[in-house]
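Hello,

Here is the structure we talked about. Please open it alongside this note. My findings follow below.

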Amino acid sequence: MSWFWFYLPLHLVMAACLCHSIKAPTTSSQQSFKTDLFNFYHSLILADGKETTIHLLKDIPKRYYFVLEEGRALAPFTITVTPCDVPIEWSILVHKASANFLGKAARGDHDTHEVSKSQKAPSMVSTIFNYKGNSVETYMGMSSHSALYVLEFLSTERDTHITVYLTTDTTSGHLYPELPMDLRIDVTGIGHTTVTLTWKHSPSVLQHRENIQYCLLVNEKHNYKSLCAAETAIRSSGMKLPPTLALSLSPYLLEPQQVMILSNSELSIINKVSSGEVRQICMGTKNTYTVPNLSPSTQYYFDVFVVNLLTNASAAYTGTFARTLEEPEPKVTELKDGKVIQVVLDGKKQKFYSLQYQARHKKIQFTFQLCRGQVRVHISKNGKTVASENISGLRYFSLKGKLLDTYLVQLRSIEESNSSVKVQVSPHFHKPLFPLLPESLKIKSFSKLRTCNSVTIAWLGTQEESKYCVYKKRIEEDQVWVELQSADRCSGPESRHKSEKVLCKYFYDINLQRAVTTETIKGLDAGMLYLFDVYLFGPSGIPVRYHSKVVKTRKKC
């Protein structure tokens, strides 16, 4: 430290502080000088009873000063420094001036000889505390009006910011919530996707329950020693979030924040940062919490802060970490040649359903028929991916390999609702399970041919003679969406009521452009909605259902 640069502002600031703190008779010119001096150095005087944010530039020290108020001979004081990012160095220095000098300063008698004498006395300046690190540190000491205190801060890693809280009033309430004697966070339960934590209650919670709450931070990188440090990490990521709801426990949080209300007494904020996800959960005054929605076999770091809602100040427990359990191997179902199985997939859990097949031929064919919802199919051979896509309708995968190759089929619903799919594997390409399909499975209706009691529909056929069966069902206006969404495209006519059957017919045409058939369904009621379905049967007898068509008969004819 350069003593020259320390002493140059020191006496000026001390004089300014004394002008502010000690009332004394003076001339108007002297008073004007002191007022200007105080206003110039006002930003360097640390406020009493208020949390101050200080921005530090790399390798450039910054100093703040404080003295006692008028008439106080001896009083305790407390200084709390919270680094909000990298480790910093900070010190408390005390400058003890003689009573003779203080008297002259108070009277406005500026003796240059006295000033020069005090500047040459290093014994009058002493360091009473210093610290280096990124933990929250608090110093408690005794101060007198004859001493000027200097706080010096330095960051050697990069530009950063800190918060400093000075108070000389130990009788009123604390800015920071109190912490218990035992600061540990205990891990009481570990699951595949959950971790249960518990901690000792803060004395502040027991005294001021309505103004205090606990907040938990969860991330995969490391523990944070202060809420301020965690919020700085979120802010420095520079990632913008959707403008949904916003919650700020501190002025350093990025806005907007993505907020998810979990219950009336619990709030969760998820912040995306470059190193992963930082989840902030505030759960009121509960001191036990089970963290949900974690990933299996992953190490997480947990930090608990007790927050004063009136002051936004927080105090940190000692952080902990835990690794979730490994996810159990999914049950694998064996596929057999030619056998059809139907799989129902849970859309809420979003888990893969696994099927395994050991090839007995070099060429095989997988067939998938989507029955309901949306399904993702992933096929691997001996651990290497050979196909992966979302399927719709009927889908074939023809693959080549070696004898005894092992194929793993993984299915997953990509909707929140349940999905269903039929699966078959076979080496017999010449004996397809499903019938030859037309270019489109849509049913067309002709508006001009509609009457009060009949509807004419048409659908495409193929070059292969096949059986087609038509069914009808009268429905109400509010049933249309449900009927179309809930339709099981794998179900056959056996699921329909006998009264819904209209007819069955065979047809084909060598020329695909003429492979179209029409049918007029009579005996309908006027002004009513009808649901029409066509089923196509192939050689194996397994039906394929065309897309349902809803048509309304004319009300007046």
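Start with Cys504: at 30% relative accessibility, Cys504 is partly exposed, because that class covers values between the 20% and 50% cut-offs. Bear in mind that this is a predicted model.

Cys504 is in a disulfide with Cys469, S to S 2.0 Å. The torsion about that S-S bond is about 110°, so the disulfide is right-handed. Cys469 sits in strand 30 (residues 466–475) and Cys504 in strand 31, so parts 35 residues apart in sequence are tied together. Cys469 is buried, with a relative accessible area of 3%.

The whole structure holds 5 disulfides. With bonded cysteines counted along the chain, their pattern is 1-3, 2-4, 5-8, 6-10, 7-9.

Two more of them:

- Cys215 is bonded to Cys282, S to S 2.1 Å. Distant parts of the chain are linked here: strand 11 (residues 212–219) holds Cys215 and strand 14 (residues 276–282) holds Cys282, 67 residues apart. Both cysteines are buried.
- Cys371 and Cys490 have their sulfur atoms 1.7 Å apart. The S-S torsion is about -85°, so this disulfide is left-handed. Cys371 and Cys490 are buried.

An open sheet of 3 strands runs in the order 28-29-32, with antiparallel pairing. Strand 28 (444–445) and strand 32 (516–521) are the edges. Strand 29 (residues 455–460) joins strand 32 through 6 bridges. Thr456 has Thr520 as its bridge partner there.

Elsewhere, strand 2 (residues 62–66) has 4 of its 5 residues buried, so the rest of the structure largely encloses it. Strand 2 pairs antiparallel with strand 7 (residues 147–154) over 5 bridges. Phe66 stands opposite Tyr149.

Best wishes

Technical notes:
Residues are numbered from 1 along each chain as its sequence is written. This is a predicted model: local features need pLDDT of at least 70, side-chain atom pairs count only at pLDDT 80 or more; totals for chains, interfaces and linings use all residues. Side-chain values use heavy atoms; hydrogens and water are left out. Two strands pair if DSSP finds at least two bridges between them. Helices (H or I, at least four residues) and strands (E, at least two) are DSSP runs, numbered from the N terminus. Buried means under 20% relative accessible area, exposed over 50%, partly exposed in between (1.4 Å probe, protein chains only). A disulfide is a pair of cysteine sulfur atoms within 2.5 Å.
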